[in-house]
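Reader: I would like to learn how to read a protein model step by step. Could we look at one together?

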Amino acid sequence: FIDLAIFDEGPSGDPHYQIYRYDGKEVYKLGDLDDQALANGQGKIIPSAYISDFQPAFISAYLEMGHREFITKEKDIDQYLGKVYTLAASDNNSYFIPTDQVPENFSPDWENLRHFETTELRLIDIIYPYYDKRLLNFYFVELDNGEKGILYFWIGD
């Protein structure tokens, strides 16, 4: 195989790579990867959206290069719940909705930024308001001051 990566700035400045494979007879698209994805050089790739925003970081899944497409290998994320993590000081792209429980039909509010100093939090749950069940961006947490709520980050448009 010959694998091809074509860089694309994206329609609104969301840089990514379009990955294609040539098998000697035809070219076909394997998929897209963001420009922050990690790869081990042996066919395993972790898109940045599958890496937590906390320290220590954890992942929800990784991709393997199959013959004609990326194959998603899901990780058990329940093992990360209930543990304490560090949230680094934010650069004003953090959002927090105070709540004692996750609303049934959660919809992010993109208007109210919240600046965080480096803090510890307890991860109660991971929320998936969108189609990608491996996206690590919406968390139900308890902050070190006891405040509970939904913590999330800007993901682009």
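**Reading the model**

Author: Of the 157 residues of the protein chain, 35% count as buried, where buried means under 20% relative accessible area, with a 1.4 Å probe and protein chains only. This is a predicted model, in which local features need pLDDT of at least 70 and side-chain atom pairs count only at pLDDT 80 or more, while totals for chains, interfaces and linings use all residues. Residues are numbered from 1 along each chain as its sequence is written, and side-chain values use heavy atoms, with hydrogens and water left out.

Reader: What average pLDDT does the protein chain have?

Author: pLDDT is the predictor's confidence in each residue, from 0 to 100. Where pLDDT is low, the predicted coordinates should not be read in detail. Here the protein chain averages 88, and 96% of the residues score at least 70.

Reader: How many helices and strands are there in the protein chain?

Author: Helices (H or I, at least four residues) and strands (E, at least two) are DSSP runs, numbered from the N terminus. This protein chain has zero helices and 12 strands.

Reader: Which residues have the most contacts inside the largest nonpolar core?

Author: In soluble globular proteins, nonpolar side chains tend to be buried together. A nonpolar core is a set of buried Ala, Val, Leu, Ile, Met, Phe, Trp, Tyr and Cys residues joined through side-chain atoms within 4.5 Å. The largest one has 18 residues, and F54, L123 and L151 have the most contacts inside it. At least two residues of this core come from each of β8 (84-87), β10 (119-127), β11 and β12 (148-153). A second, separate core of 12 residues includes I19, L30, I45 and L63.

Reader: With which residues is Q55 in contact, leaving aside its neighbours within four places in sequence?

Author: Contact means heavy atoms within 4.5 Å. Q55, which lies in the loop between β5 and β6 (61-65), is in contact with Y85 and T86 once those neighbours are left aside. Although Q55 and Y85 are 30 residues apart in sequence, their C-alpha atoms are 5.6 Å apart in space. With neighbours within four places again left aside, the contacts of F54 include Y85, T86 and L87.

Notes
Buried means under 20% relative accessible area, exposed over 50%, partly exposed in between (1.4 Å probe, protein chains only).
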